[in-house]
Amino acid sequence: MMLPAGHPAIPKPQIGVLLTNLGTPDGPDVKSVKRYLGEFLSDRRVVEIPAIAWQPILRGIILNTRPKKSAEAYGLVWREDGSPLAAITRLQAAALKDAFGPGVLVDWAMRYGNPSIPDRLAAMKAAGCERILVAPLYPQYCAATTATANDKAFAALAQMRWHPALRTLPPYYDDPAYIGALKTTIEQGLAALDFAPDTIVASFHGMPERTLELGDPYHCHCQKTARLLSEALGREVVISFQSRFGRAKWLGPATDTTLEELPGRGVKKVAILAPGFSADCLETLEELAIRGRESFVEAGGTHFAYLPCLNDSAVGIEMLRTLLGRELEGWVAKP
Ligand SMILES: C=CC1=C(C)c2cc3[nH]c(cc4nc(cc5[nH]c(cc1n2)c(C)c5CCC(=O)O)C(CCC(=O)O)=C4C)c(C)c3C=C
Ligand SMILES: [Fe+2]
Ligand SMILES: [Fe+2]
């Protein structure tokens, strides 16, 4: 078809990089938390119980009890610029704005809640992006996190007549750029403490043991990250799993019991980090830095430090630039 005279020039093709993370409520109030948990916990990638059995439990019990408790917890960590998870992901995208050249748009979205993955993909397409790298910011692959974020992107594309080409960021649990960034941030964190920890604990988000038996690589990815980190640091790193949810057996050892038991084993000074989270959030700031500290001290611990996630630190952003830049190869000329 011929373009009519005076037809506007076709915009220059752009490339999009969409950072994605889990999602978070819009506010630290019961209503917002209920909406968020309803969406999150209805995802069959997250709770692998047939809907006919699960939905009555979710709607009848969990969504009538948990939002109040969770909203209180969110209230303890909420910042002026919003939920820590959303605020930090926004800062990460802003810090990477000019990282890949003028033709590359960097944006962010959440799997549950706002800004949504379909909305931001539509905005990228409207801006002329013909190629999009979707980057779920989970170092360790889990179907409940990585796969469902990508599912959402694929589902959005499925609604478009003319969709952009899509790449996804693979998990990076053993990538030298990630292990190196963790090592640097831990060493910087330890140097700033006024005590030397007896032990370093690496706490990962847990998942049901059954998910491991069904073939999810998450547990193995966490173990390998912890081993490589221990080798890089040249010291032992104790691994544990946090945030148990529901009645099923979850991966162990549990972070809460580990922190309660360490003082009895002579470990009175501890530093804890959460290498599976690319941004600090409820699970790190409330569960580890607040509640974890309380239970460690109650059990006889004397010194406790929570070491923040990579977030939008210089070393964290440099790592993202390396990982994302690699996936953009062939799309963007090397600097
Ligand atoms: C980093 C990896 C994560 C995995 C794996 C994961 C699995 C998983 N989580 C739940 C249940 C909940 N998780 C909650 C919060 C939450 N989870 C992750 C990450 C992983 N989850 C993050 C980053 C967050 C924080 C969100 C924030 O707003 O800051 C919550 C909600 C909070 C609460 O009410 O306590 C629940 C519930 C399951 C069932 C699961 C299964 C594999
Ligand atoms: Fe979770
Ligand atoms: Fe939690």
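The legends below describe close-up views of a predicted model.

**View 1. The shell of residues around ligand 1.** In this predicted model, ligand 1 is surrounded by 23 residues, and the closest of these are T24, S70, M207, C281 and L282. Helices α2 (51–77), α5 (143–158) and α10 (282–285) are the elements that each give two or more residues to this shell. By residue class, the shell comprises 14 nonpolar, seven polar and two charged residues. Both domain 1 (14–171 + 315–327) and domain 2 (176–307) supply at least three residues to the shell around ligand 1.

**View 2. The annotated positions H205 and E283.** An unreviewed UniProt entry assigns the feature "binding site" to H205 and E283. These positions are spread over 79 residues of sequence, yet they cluster in space, with a largest C-alpha distance of 8.1 Å. H205 belongs to strand β5 (residues 199–205), whereas E283 is part of helix α10.

**View 3. The surroundings of H205.** H205 counts as buried because 27 other C-beta atoms lie within 10 Å, the threshold being 20 or more. When neighbours within four places in sequence are set aside, the contacts of H205 are Q242, S243, G276 and E283.

**View 4. The surroundings of E283.** E283 is likewise classed as buried, because 20 other C-beta atoms lie within 10 Å and the criterion is 20 or more. With neighbours within four places in sequence again excluded, E283 is in contact with H205, Q242, S243 and F277.

**View 5. The buried side of helix α11.** Within helix α11 (residues 287–298), the buried residues are E287, L288, G292 and F296. These residues lie on the same side of α11, because the arc that they cover around the axis is only 90°. An α-helix has 3.6 residues a turn, so residues three or four places apart point the same way. The cover over the buried residues of α11 includes strands β5, β6 (237–242), β7 (269–273) and β8 (303–307), together with helices α9 (255–261) and α10. Among these covering elements, β5 contains H205 and α10 contains E283.

View 6. Just after the helix, G300 adopts a positive phi of about 110°.

Key: Residues numbered from 1 in each chain as written. Chains lettered and ligands numbered in written order. Predicted model: local features only at pLDDT ≥ 70, side-chain atom pairs only at ≥ 80, totals over all residues. Near = placed C-beta within 6 Å. Helix = DSSP H or I, 4+ residues; strand = E, 2+ residues; numbered from the N terminus. Nonpolar A, V, L, I, M, F, W, Y, C, P; charged D, E, K, R; others polar. Domains from an automatic or database assignment. UniProt positions renumbered as here; feature names shortened; annotations may be inferred. Buried ≥ 20, exposed ≤ 12 C-beta atoms within 10 Å, placed from the backbone. Contact = placed C-beta atoms within 7 Å. Arc of directions from axis to C-beta.
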